[in-house]
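Here is a short report on a complex. Look at the contact between the chains before anything else.

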Amino acid sequence: MSGELLRVDKLGVTLSGRAVLEDVSLSFSGRRLVALVGPNGAGKTTLLRALAGLVQSKGTIEVGGDLLSSLPLRERARRFGYLPQGHVVHWPLRVRDIVALGRYPRGATDPARLSSDDESAVTRAMQATEIVTLAARRVTELSGGERSRVALARVLAVEAPILLADEPTASLDPRFQIDAMQNLRNTADRGVLAIVVTHDLALAARFADTVLVLSNGRLVAQGTPEQALSEAVMADVFRVTAYRADYQHEHVIVPWAGV
Amino acid sequence: MVSQSATKPVYVTTVGLVVLVVLLALVSLGTGPVRLSPAIVIDALFGGGSDVQQTIIREIRLPRAILASAIGAVLGLSGAALQGLLRNPLASPSLFGAPQSAAFGAVLMIALGWADARSYVLPVAGIAMAFVSVFVLLGIAGRNAGLLLLILAGLAISSLAGAATALVMNLSPNPFASLEIAFWLLGSLEDRSFRHVMLALPFIVAGGISLWTQRSAFRALSLGEETAQSLGIDVTRVRLLVITGVALGVGGAVAVSGTIGFIGLVAPHLMRPLIGYDPARLLVPSALTGAALLTAADIAVRIIPSNTDIKVGVLTSIIGVPFFLYLIVRERRALAGGVA
């Protein structure tokens, strides 16, 4: 693969004496949607946090040819957009001001004084997530689904080459789950490497180019959705069987019964 | 367009507060055993009036007014900064035991006889203890502290500081020293001179600057520490600068005024309905509100008729504690549920 955007070699993370992640090696170029799946406690969030440089790790992470550990915080923040679980906002801030925080790594520390570049990035992100009409609302007045879209808009506004999203579809109704994944798909198609943690294997199979399967801190499968979510993997890792089909030229994999 | 309408109330409120603080300062300069009109006060400030009036205004009352504004401001700013850092409306220096710890440091110096009025021993000891207390508190609370944990840790630290202070008084060589310490602890701005202003002001200004420089980090911290870090903020550094700023401000203040509580808790709450929740925008208005509150309280203690003088620290606590109870009731659900 030419022009590798993200290269991870023998990544390991130990949290309070326990190896949460071991020997993970990856390599991706841009313009890809990668789904990161695995049972609870497999280390998905830890992998995402390690990639964002939020936890101490061993091994090497290279971004666009630069060692992550050699980059200053501000520069890391420009290369990775990170969307954590939960979409916490501690104060009842206004939607637009929250989305504008995505421009912080570009030096836009005050949402009231955005440059025209920052302003248009914020508007693009709000249009993509259909929250333009919510701009002046306080985040506490929003439904769970609306909050998730605000959080997604915030991370889209970073316009980083790599986007890391931890369960962006959790607590969304089916329509917004599909919209959120479609959004990430479109973002990837614009050239971004999007790595998305999800428990929804059906969404992963349908939208992702590549699926990574983590189990007990190790990468046990990676490849196209059919390869990575093979019957053997579904049985060994997830302990389920799956219904498989093709619908409108897309893969359908639906977990069906326990094994 | 949205943003402009959001910043306008901030400017209006800030200008209004500046005017209020100036007016209160003028009233403060005119209040005392000899009542003087604002016109005479202004005249005396600029070298007019009689010698007696000049002495009263410029040497007796001016230091007191300056200290009230500066100490109130740094307490209001510290409260707003701590609330921003911890994303928590109940954070404040006094609930975290910072003034109590600073007082312990200062009292220890007084009891040991190391502090004479001119020396920097008192503020330095106060700052050191305030630093230790906030540092320990944030250490105990950890990265994503809930309300309950913060309040309990704060209670433990202020109790410990109180007990240590009591021990010092208990062991002090003569009852007069104990009495002097006890009155000093109540918090007062009486009989302070420009010496005291010079003692406290450098620390207060340094602490205030340290807190002010972190304002945009508080805004990003609204999204939680992890997201803030992913946006390029060195959260550990922000914490350290806030702890240092609060310690410098509160320690410097306590060294000349004794403990004055609850200004830091109340000031940001008074401002939120007017200018919103953005923790960065709250800093300056909270500081000005703190200045206005303490100046007003310091005027009140001179006007309220009583046999002995009421200490200003007592008054701020009497007003502040019911306010704190009101906040607890408002936050009851979060406290009971242990929601972070």
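Predicted model: local features only at pLDDT ≥ 70, side-chain atom pairs only at ≥ 80, totals over all residues.

## Interface

## Confidence

The predictor gives an ipTM of 0.91 and a pTM of 0.90 for the complex. Chain B has a mean pLDDT of 88. In that chain, 94% of residues reach 70 or more.

## Sheet of chain A

Chain A holds an open sheet of 6 strands, ordered E6-E7-E8-E3-E9-E10. The pairing is mixed. E6 and strand E10 (218-223) of chain A each have a single partner strand, so one side of each lacks a neighbour in the sheet. On average, neighbouring strands are turned by 15° against each other, direction ignored.

Strand E3 (residues 32-37) and strand E9 (residues 210-215) of chain A run parallel and are joined by 4 bridges. Within this pair, A:Leu36 stands opposite A:Leu212. Helix H5 (residues 144-157) of chain A packs on the sheet, touching E6 and strand E7 (162-166) of chain A. The direction of H5 makes about 170° with that of E6(A).

## Nonpolar core

The largest nonpolar core has 195 residues. Helix H3 (residues 51-86) of chain B gives the largest share of this core, 18 residues. A:Leu164 and A:Ala194 have the most contacts inside the core. Among the residues that A:Ala194 touches are A:Leu33, A:Val34, A:Leu163 and A:Leu184.

Methods
Residues numbered from 1 in each chain as written. Chains lettered and ligands numbered in written order. Core = buried A, V, L, I, M, F, W, Y, C linked by C-beta atoms within 7 Å. Buried ≥ 20, exposed ≤ 12 C-beta atoms within 10 Å, placed from the backbone. Helix = DSSP H or I, 4+ residues; strand = E, 2+ residues; numbered from the N terminus. Contact = placed C-beta atoms within 7 Å. pLDDT = per-residue confidence, 0-100. Pairing = 2+ DSSP bridges. Axes fitted to C-alpha atoms, helices over the stretch in contact; angles between N-to-C directions. Lists of a residue's contacts leave out its neighbours within four places in sequence.
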